[in-house]
Amino acid sequence: MNAILYTGSIVFLAASLAGFIQTTAGFASGIIMMLFFPLVYPMIDAVSLSTLLCALCAAVMGFRYRKFADYKQVLLPLPFYLIPCYFAVNWSKSIDVALLKIIFGGILIAAACYFAFFSDRIKLRAGLIPACICGATSGTINGLLSVGGPPMAIYYMAACEEDKNKYLANSQMFFLVTYIYSFALRAAKGFVSASMSGSFLVGAAGIVLGFLAGKRLQDKFDIKKMKQLIYLVLAFCGIVTIAGNI
């Protein structure tokens, strides 16, 4: 009973925090949950549970901002995501992800610093090359670790041209499709256990609580504050990712 209570508490608190940060910044729910879920689940199960809860979080956010979505921008990076994600899921059971996480954490910190100091000089648009690079990077990282949100957050923030609602709508619609795809791949490979259904329900309650709390704060943000928050969350995620794997 104590083990069940401990597992449920970790899942609920992690999902609540993840839902809150995803609602305010538009990404990072997977990173937050993957800091905690491996404490109570094997890595394969932790990634599968995180992926499904991320899909739920994106669905809640996407429904709220659906009228602002530009579906051409949502779909453009999608083909470049799908194939790398497929191969990454196949690799995820055998690859040693510790070093990969440290490298990824360093990239997040570097990206946060770069965009924080040079964002006014960046003229990224929703073109084919940025969509290819960000989509493929996100697909690879998501398939391996379920933490592929940052590349797409950077892409959509730049591509949506200072429109906070459009950024949130496009990014969440993209995340919804890709997390469902990633979870389906994991299920087809036998990486999903029915025993996680209880933890999913507990985590879903946490996601909803985090969304309700984050919504109150997010409504007060303008685009400048949104960008500052994104860069701060990028740096935070990079630091905790490295610290958790040293």
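Leaving aside neighbours within four places in sequence, I found Ala14 in contact (heavy atoms within 4.5 Å) with Ile32, Met33, Phe36 and Phe37. Before going further I noted that this is a predicted model, in which local features need pLDDT of at least 70 and side-chain atom pairs count only at pLDDT 80 or more, while totals for chains, interfaces and linings use all residues. Residues are numbered from 1 along each chain as its sequence is written, and side-chain values use heavy atoms, with hydrogens and water left out.

I placed Ala14 in helix α1, residues 2–25; helices here are DSSP runs of H or I with at least four residues, numbered from the N terminus. Ala14 counts as buried because its relative accessibility is 2%, where buried means under 20% relative accessible area, exposed over 50% and partly exposed in between, with a 1.4 Å probe and protein chains only. I also looked up the C-alpha separation of Ala14 and Phe36, which is 6.4 Å for two residues 22 apart along the chain.

Next I checked helix α2 (residues 29–36), which is mostly covered, with 6 of its 8 residues buried. The buried ones are Ser29, Gly30, Ile31, Ile32, Met33 and Met34.

In the loop between α1 and α2 I came to Ala28, whose phi is near 90°, a positive value in a residue other than glycine. Most residues other than glycine have a negative phi. Ala28 is buried, because its relative accessible area is 5%.

**Core**

Which residues touch the most other members of the largest nonpolar core? I found Phe27 and Tyr167, in a core of 73 residues; such a core is a set of buried Ala, Val, Leu, Ile, Met, Phe, Trp, Tyr and Cys residues joined through side-chain atoms within 4.5 Å. The largest share of this core, 10 residues, comes from α3. Not counting residues up to four places away in sequence, Phe27 touches Ile21, Gln22, Gly149, Pro150, Ala153, Tyr167, Phe175, Ile230, Val233 and Leu234.

I then followed Phe175, which is found in helix α9 and counts as buried because its relative accessibility is 4%. Beyond its neighbours within four places, Phe175 is in contact with Gln22, Gly26, Phe27, Ala58, Gly149 and Met152. From Phe175 to Gly149, 26 residues away in sequence, the C-alpha distance is 7.7 Å.

**Helix α9 and its partners**

I looked up how helix α3 (residues 43–64) packs on helix α9 (residues 164–188), and the angle is about 145° with the axes 8 Å apart; axes are lines fitted to C-alpha atoms, for helices over the stretch in contact, and angles run from 0 to 180 degrees between N-to-C directions. This contact has 15 nonpolar, 5 polar and 1 charged residues, where Ala, Val, Leu, Ile, Met, Phe, Trp, Tyr, Cys and Pro count as nonpolar, Asp, Glu, Lys and Arg as charged, and the others, Gly among them, as polar.

One of the α3 residues in this contact is Thr51, which is buried, as its relative accessible area is 1%. Not counting residues up to four places away, Thr51 touches Ser146, Tyr179, Ser182, Phe183 and Arg186.

Helix α8 (residues 149–159) also packs with α9 at about 145°, with axes 9 Å apart. Here Gly149, Met152, Ala153, Tyr156 and Met157 in α8 meet Tyr167, Asn170, Ser171, Phe174 and Phe175 in α9, and the contact divides into 7 nonpolar, 3 polar and no charged residues.

How many salt bridges does a search of the whole structure find? I recorded 1 salt bridge, defined as a side-chain nitrogen of Lys or Arg within 4 Å of a carboxyl oxygen of Asp or Glu. Asp70 forms it with Lys166, the closest N and O atoms being 3.6 Å apart. The pair links distant parts of the chain, with Asp70 in the loop between α3 and α4 (71–75) and Lys166 in helix α9, 96 residues apart. Asp70 counts as partly exposed because its relative accessibility is 24%.

Last, I looked at Ile242 in helix α11 (residues 223–243). Leaving aside neighbours within four places, Ile242 is in contact with Ile102, Gly105, Gly106 and Ile109.

Terms used: Helices (H or I, at least four residues) and strands (E, at least two) are DSSP runs, numbered from the N terminus.
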